[in-house]
Amino acid sequence: MPQDQASSSIESVLHEDRHFPPPAGFAAQAHVGSMEQYEALHQRSLNDPEGFWAEEAERHHWFKPWEKVVEWDAPDAKWFVGGTTNLCYNAVDKQVADGFGSQTAIIWEAEPIDADGTPQVLHLTYSDLMRETAKFANVLKGQGVKKGDVVTIYMGMVPELAIAVLACARIGAPHSVIFGGFSAQAIKDRVEDGRSNIIITCDGSWRRGSVVPLKDNVDEACKQTDLVDTVIVVKRCENDTAWTEGRDAWYHDLMATATDDCPCEELDSEDLAFILYTSGSTGKPKGIMHTTGGYMVWTAMTSRLTFDLQPDEDDVYWCTADIGWITGHSYILYGILPNRVPTIMYEGGPNYPGADRFWDMVARHKVTKFYTAPTAIRAFMKWGDEHPRKHDLSSLKVLGTVGEPINPEAWMWYHKVIGHENCPIVDTWWQTETGGHMLTPLPGATTTTPGSCCRPMIGVDAAVVNSDGEPVGTNEGGILVIRKPWPGMLRGIYGDRDRYIDTYWSRFQDKGYYVPADGARVDDNGNFWIMGRIDDVIVVAGHNIGTMEVESAIVSHEATAEAAVVGYPHDVKGNALAAFIILKGDLPTPGSEEDLALKKNIRDHCGKELGPICKPDQVRFTEALPKTRSGKIMRRLLRDIAAGNEITQDVTTLEDKSIVEKLQASG
Ligand code: WTA
């Protein structure tokens, strides 16, 4: 829909009056233990950013202190101006210097189960990590990599991935990590966009018991570009792979002769730390740029507060994301390591060898803080409660979610079946572009409500506005904006200044607001609700409807497991809603009495929950939804299917391509 229409008032509001205060014992020992404390910190961070952020930054090591905390000339921010520091130093070396070298930094678990019935587990201490990153930094230097050179990393979730990423940070070579599920084409596009000459990869990676041939994909990409002159290969799966003499080298061969003497490079706070590509729903991927000092301070603070990390209290933290996504960058590595809490890196799939793998791991490693995505939670719900019930999950203290709105039904399941009604849930809203959490509960302070990401993070000035940039009223849907700069914000799109301004800043240029392009509302408790991307807010017969709320209403029906709702053009109403639904049980025969009755029943249920205007015109049952490899539903594709349009768009990022035809037939 035209974005302007997101400003008129929303007519349907999902009714949710379940509230969960933090457990008293938890609040008593938390970094932020009450709403009053949160409010005071939040106020201070906005009223006195210089003082507030200077104190946060002082938790880190700086080679040279900054002269000014922030310089803001919208849309350009500089943080800790004139200061020099290093992300790897603060993640790794600092812990060794502070006397904690023998503590576990990373707990790595392999996917395959060995003959003795257990998987391989490695504990890397801070000293191990310091030695290995220094050695690999020397390897990179030996291959001619200099400060400022973009290093492409395309690997599975193996320890060498963390080592490679941190080694790049050590020498100031920005990394560009490509998720190991992407194809040769994606590698080629990113290598060319980043002008990168070197790729670090693995022979293969394990995924649900089979080998993904990473090196073959790199070879294929290199056929399409002549930029790459060095490929370093970690031997993991021992699968056969072609070898290009002069270009390819084994990681273990290079490491065998590397020395571990490589001090961390003194980097300017605004030196480029990394590029990470985000696909978005239109156009070519955007190379989001993050710099050194601000990103470091931001990810460390948000990690500490959102997960209430307590280094000396046996905390064990596990984020199930892949390091190929921003969640893995910020909340497996950069934000967690400076907090000196062991971070788990798991190599493989959630249902290998069985649907209880995650819960088995939580019990074995005594995980206290667990962070995953709604798409995973819905899959666990579908697989059944018996899998988590088999394991002792009593170590868990905080449960997190990220990536898309979590439906209240999934939230309640997470709360009951995983958290045993005893763990605060932090529903964290943020983006690749924001570097870290922007809207989230704080587990010791916030009374949570299923489906709401609650409050702005400390340091974040968030608001919901209309098309003139004026704040809308309580429960009115509108455009989410961030009105002040924050340390972890993106610094641009690599090589495309115009697109940067156009995408994020042009809408309210005079006001200097950052526009994430999500729709939201604020309820009467001051809690934020994300309504989905702005183009997912649909005007049906003049009423503004957030597709997210209709989806949540549908999955609160007993027969449904998951739903995606999109709008499509309608002669009379302007737009109508189409719902694509996965059922808990078997699909009824299309057109049968049972099929039609269930569809009617679900439509009526939406009408009852949200109002008649929210009844979908089309209800389609399907076995699966089209998702990108990061688990996001491809709504544009669903819109075309609902409208009966020919599919012309690129479906190469789709996980299962056969699904398009099945969906077309489901009408
Ligand atoms: C969506 C992932 C609702 C949102 C860290 C955002 C969410 C986009 C949430 C960014 C959440 C992420 N509730 N929606 N808790 N978290 N989103 O760049 O639309 O992969 O703009 O970053 O995901 O996705 P990205």
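This is a predicted model: local features need pLDDT of at least 70, side-chain atom pairs count only at pLDDT 80 or more; totals for chains, interfaces and linings use all residues.
View 1. Residues are numbered from 1 along each chain as its sequence is written, and side-chain values use heavy atoms, with hydrogens and water left out. Strand β4 (residues 104-113) and strand β17 (residues 343-346) pair in the parallel sense over four bridges; strands are DSSP runs (E, at least two residues), numbered from the N terminus, and two of them pair if DSSP finds at least two bridges between them.

View 2. Seven strands make up an open sheet of mixed pairing, in the order β5-β4-β17-β16-β18-β19-β20. Because β5 (119-125) and β20 stand at the edges with a single partner strand each, one side of each is left without a neighbour in the sheet. From one strand to the next, the twist averages 20°, with axes taken as lines fitted to C-alpha atoms and angles running from 0 to 180 degrees between N-to-C directions.

**View 3. Strand β24 and its two antiparallel partners.** Four of the five residues of strand β24 (residues 518-522) are buried (under 20% relative accessible area, with a 1.4 Å probe and protein chains only), so the strand is largely enclosed by the rest of the structure. Strand β22 (residues 478-482) runs antiparallel to β24 and is joined to it by two bridges, with Gly 478 opposite Ala 520. Five bridges join β24 to strand β25 (residues 528-533), also in the antiparallel sense, and Trp 529 in β25 is the bridge partner of Arg 521. The hairpin of β24 and β25 has five residues between the strands, and Gly 526 there takes a positive phi near 85°.

View 4. An N or O atom in the side chain of Asp 427 is 2.7 Å from a nitrogen atom of the ligand, whereas oxygen atoms of the ligand lie 3.0 Å from a polar side-chain atom of Gln 431 and 2.6 Å from an N or O atom in the side chain of Thr 432.

Technical notes. Buried means under 20% relative accessible area, exposed over 50%, partly exposed in between (1.4 Å probe, protein chains only). A polar contact is a pair of N or O atoms within 3.5 Å; within protein, one must be able to donate a hydrogen and the other to accept it, and residues adjacent in sequence count only if both atoms are side-chain atoms.
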